[in-house]
Amino acid sequence: MRTFTIGGIHPPECKLTAGKSIVDMPLPKQAVVLLGQHIGAPTQAVVEKGAMVKTGQLLAKAGGFVSANIHSPVSGKVNKIAEVVDASGYPRPAIFIDVEGDEWMEGIDRSEDLISECDLEPAAIVQKINEAGIVGMGGACFPAHVKLTPPPGKKAEILVVNGVECEPYLTADHRLMLEKAPEIIVGIRILMKALNVDKAVIGIECNKPDAIELLQHIAKPYPAIEVMPLQMHYPQGGEKQLIEATTGRQVPSGCLPIEVGAVVQNVGTIFAIYEAVQKNKPLFERIVTVTGKSLSNAGNFRVRMGTPIKELLDFAGGLPENAGKVISGGPMMGKALASLDAPVAKGTSGVLVMDEADSKRGQASDCIRCAKCVAACPMGLEPYLLGALSEHKDWEGAEKQHMMDCIECGCCTFTCPANRPLLDYLRIGKAKVGALIRSRKQ
Ligand code: SF4
Ligand code: SF4
């Protein structure tokens with residue numbers, strides 16, 4: 001079975017909610033809709049305090065080409081536009097909406113009917129995706145329409161669909177593949193038309209045999225779509241790792257997937273694209289795995305954006321007494337929440353409650369130069385060195401050692417016997433090196 005060739009690890013799976021069907025989460029009393037839920041230029045609010053809004057109505061316009069519209073996840077009254085602490089711990093502007101009923105914008109098709117055919121021209125498909133505010137829902141939050149618009153001189157040859165979900169604990173994509181497989185296949189056909197490619201491959205790790213079998217069955221009439229079982233190997237959901245695993249092509253350092261003719265989209269994003277193009281539905285809700293060994297009602301929930309994470313935890317049985325940390329995302333790449341008031345955003349794939357015992361970090365000691373982190377790094381970096389450069393604030397040195405290639409997968413931290421907080425050093429370092437690079441362009 002195929003996989004990528006450099007580094008990687010095999011963390012324990014802990015997919016506690018894999019058998020839990022998707023359940024609709026009740027609407028929050030107040031939705032807190034972040035004005036920035038994507039990579040790129042910030043949005044500009046188009047509603048004011050006191051305005052009445054409907055579900056699906058435009059709340060904030062994209063601030064440029066690399067940006068994404070924000071739509072209301074609820075109906076009700078705009079209470080205020082103010083700051084809230086987001087899942088990364090930073091204060092961010094948000095629109096607070098007091099929920100009244102659930103009145104949707106006209107024109108959104110709320111039926112469960114499958115619409116298989118799409119007569120739109122490629123440019124019109126991309127336009128609809130752009131208007132619907134769709135971003136990469138695997139966590140990267142890169143605006144989807146940008147990936148569908150290759151730069152001059154570049155041509156997409158293959159659509160790579162990410163159904164890997166290699167993060168331990170997370171099962172939202174797995175459930176979506178089981179419960180919305182026909183819609184995902186239609187979404188893939190729409191994207192192939194938009195990109196003018198005649199091949200798509202869906203990469204799924206072999207711990208999801210039911211999803212592999214179902215998608216193979218539904219994709220059977222479309223020989224251009226291949227469902228490819230992959231070895232379990234973290235971080236295979238990384239774009240560069242998945243492209244290599246499925247196509248054998250290696251994306252060079254500092255380059256984007258389009259350099260090797262690939263465009264990658266996650267299955268959650270593809271389902272959102274189906275809903276946008278075929279159902280006129282903007283992106284205002286998503287599937288979130290809420291999980292943890294001590295949660296009494298862990299599950300996969302369909303959640304409106306803007307729902308405070310505290311309400312998700314209440315719905316999942318309440319915060320257990322032995323909770324040590326609450327993480328937005330999975331245990332490898334997720335971030336510990338500074339506040340449970342942080343709202344669900346387009347990139348929130350999961351909320352994980354870790355027990356006190358599991359969340360304790362071992363005492364860090366000096367590097368023993370074992371090179372385990374080097375062997376584990378899927379980007380071929382030297383994490384011990386990058387960690388040291390970051391610790392000593394040598395940002396130019398870190399840049400020379402390709403710090404910006406780090407995909408923040410956490411493999412180095414996971415393997416380090418000296419408990420070095422390598423990922424923390426790398427995240428700080430990437431922010432500093434990124435700022436340095438940007439300052440040179442000004
Ligand atoms: S976090 Fe960065 S440096 Fe560490 S293993 Fe992943 S890619 Fe390599
Ligand atoms: S794994 Fe840890 S101890 Fe070993 S070389 Fe890397 S940083 Fe040093």
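Hi everyone, let's start with a distance: the C-alpha centres of domain 2 and domain 3 lie 28 Å apart. Please keep in mind that this is a predicted model, where local features need pLDDT of at least 70, side-chain atom pairs count only at pLDDT 80 or more, and totals for chains, interfaces and linings use all residues. Residues are numbered from 1 along each chain as its sequence is written, while chains are lettered from A and ligands numbered from 1 in the order in which they are written.

So, the domains. The protein chain divides into domain 1 (22-106 + 299-357), domain 2 (122-279) and domain 3 (372-441), with bounds that come from an automatic or database domain assignment. Between domains 2 and 3, 5 residues of domain 2 are in contact with 6 residues of domain 3; contact here means C-beta atoms, placed from the backbone, within 7 Å. On the domain 2 side that touches domain 3, there are 2 nonpolar, 3 polar and no charged residues. For those classes, Ala, Val, Leu, Ile, Met, Phe, Trp, Tyr, Cys and Pro count as nonpolar, Asp, Glu, Lys and Arg as charged, and the others, Gly among them, as polar.

Now to the ligands. Which residues are closest to ligand 1? They are C377, C406, C409, C411 and C412, in a shell of 17 residues, where a shell residue has its C-beta atom, placed from the backbone, within 6 Å of the molecule. At least two shell residues come from each of α11 (383-391), α13 (411-415) and α14 (422-441), and α14 gives the most, with 3. Helices (H or I, at least four residues) and strands (E, at least two) are DSSP runs, numbered from the N terminus. By class, this shell has 15 nonpolar, 1 polar and 1 charged residue.

Ligand 2 is surrounded by 14 residues, with C367, C370, C373, Y384 and C416 the closest. Here α10 (372-376) and α11 are the elements giving two or more residues. The shell around ligand 2 divides into 10 nonpolar, 1 polar and 3 charged.

The largest nonpolar core has 123 residues, and V33, I129, L159, V160, I188, I273 and L312 have the most contacts inside it. Such a core is a set of buried Ala, Val, Leu, Ile, Met, Phe, Trp, Tyr and Cys residues joined through C-beta atoms within 7 Å. Buried means 20 or more other C-beta atoms within 10 Å of the residue's own, exposed means 12 or fewer, and partly exposed is in between, with C-beta atoms placed from the backbone. Helix α4 (residues 181-195) gives the most to this core, with 9 residues. Leaving out residues up to four places away in sequence, V160 touches V201, G203 and L242, among others.

Have a look at L352 too, in strand β17 (residues 350-355). L352 counts as buried because it has 29 C-beta neighbours inside 10 Å.

Finally, some backbone details. Most residues other than glycine have a negative phi, and most peptide bonds are trans. Y234 and P235, however, are joined by a cis peptide bond with omega about 5°, and P235 sits in the loop between β11 (225-230) and α6 (239-247). N280, not a glycine, has a positive phi of about 60° and lies in the loop between α7 (267-279) and β13 (285-291). Is N280 buried or partly exposed? Partly exposed, because it has 16 C-beta neighbours inside 10 Å. C14, in the segment before β1 (22-24), also has a positive phi, near 50°. Thanks, everyone!

Conventions. Contact = placed C-beta atoms within 7 Å.
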